[in-house]
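This briefing covers selected side-chain features of one chain. Please keep the sequence and the structure at hand while reading.

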Amino acid sequence: METRWRTVDIVVASIIAVAFAAVFYAWNNLWNALESFALPWRAVIYGVWLIPAVLGPLVIRKPGAGLYTELVAAIVSALFGSAWGLTVVVSGLVQGIGGEFGFAATGYRNYRLGNALIAGALSGAGAAVFDLSVYYGDTFSAGQKWTYAALVVASGAIVAGAGSWALQRALSKTGVLDRFPSGRERVAV
């Protein structure tokens, strides 16, 4: 396995990150618009914020891709004026590390749906622990904390994990990822 990053790896990972930072801007507004909806249950939509942590490794297939894409997306999101200020950068770091573990567990040799689901769930677990420590620890009851954590982990697995896996496969079919191992796996039709 090649671990050295090429220029094209950095460029594509950065494009993924910036594209999702723009998505985050809209998602932040949706999250805040749902304020009247009980907070633990808003966590169902959390997984969108975790997509770069899973999509990056699925596309780039190099150690550090999940951390890089999630962290850059968080930094750009903060520059766009995130409601959470610079804490979003620390959150991105934690989420990226969680996503990275899903692929590191196999030595970065397996990029199947199962690994994507695990990476999304671990990214969600990191996000839940961070959020409960920084934002909601004093305001949630024990039951709300468990509900919130379970929903963020599930959203991470389904939205970020399965969603990123499906997105990578769809992109691969177009030929846009042909310069990456992820693009050369597609089945000829």
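A polar contact is a pair of N or O atoms within 3.5 Å, where, within protein, one atom must be able to donate a hydrogen and the other to accept it. The model is predicted.

**Asn 115 and its surroundings**

- Asn 115 is a residue of helix α6.
- Its side chain makes a polar contact with the side chain of Asn 110, at 3.1 Å.
- Because buried means under 20% relative accessible area, Asn 115 falls in that class with its 7%.
- Leaving aside residues up to four places away in sequence, Asn 115 touches Gly 102, Phe 103, Thr 106 and Asn 110.

**Salt bridges**

- The search of the whole structure finds 2 salt bridges.
- One of them pairs Asp 9 with Arg 6, and the closest N and O atoms are 2.8 Å apart.
- Asp 9 counts as buried because its relative accessibility is 0%, whereas Arg 6, at 31%, counts as partly exposed.
- Asp 9 also meets Lys 62 in a salt bridge between side chains, with an N to O distance of 2.6 Å.
- This pair links distant parts of the chain, 53 residues apart: Asp 9 is in helix α1 (residues 7-33), and Lys 62 is in the loop between α3 (51-60) and α4 (65-79).
- Lys 62 has a relative accessibility of 6%, so this residue counts as buried.
- Through shared partners, the salt bridges join Arg 6, Asp 9 and Lys 62 into one network.

**Nonpolar surface patch**

- Which residues form the nonpolar patch on the surface? They are Leu 93, Ile 97, Phe 101, Ile 118 and Leu 122, with about 420 Å² of accessible area together.
- Helices α5 (87-104) and α6 (113-136) each supply at least two residues of the patch.
- The largest share, 3 residues, comes from α5.
- Leu 122, one of the patch residues, lies in helix α6.
- Leu 122 counts as partly exposed because its relative accessibility is 34%.

Note on methods. Residues are numbered from 1 along each chain as its sequence is written. This is a predicted model: local features need pLDDT of at least 70, side-chain atom pairs count only at pLDDT 80 or more; totals for chains, interfaces and linings use all residues. Side-chain values use heavy atoms; hydrogens and water are left out. Patches are made of residues with over 30% relative accessible area and no salt bridge: like charges are joined within 9 Å, nonpolar side chains (Val, Leu, Ile, Met, Phe, Trp, Tyr) within 5 Å. Accessible areas come from the Shrake-Rupley method with a 1.4 Å probe; for residues, only the protein chains shown count as cover. A salt bridge is a side-chain nitrogen of Lys or Arg within 4 Å of a carboxyl oxygen of Asp or Glu. Helices (H or I, at least four residues) and strands (E, at least two) are DSSP runs, numbered from the N terminus. Buried means under 20% relative accessible area, exposed over 50%, partly exposed in between (1.4 Å probe, protein chains only). Contact means heavy atoms within 4.5 Å.
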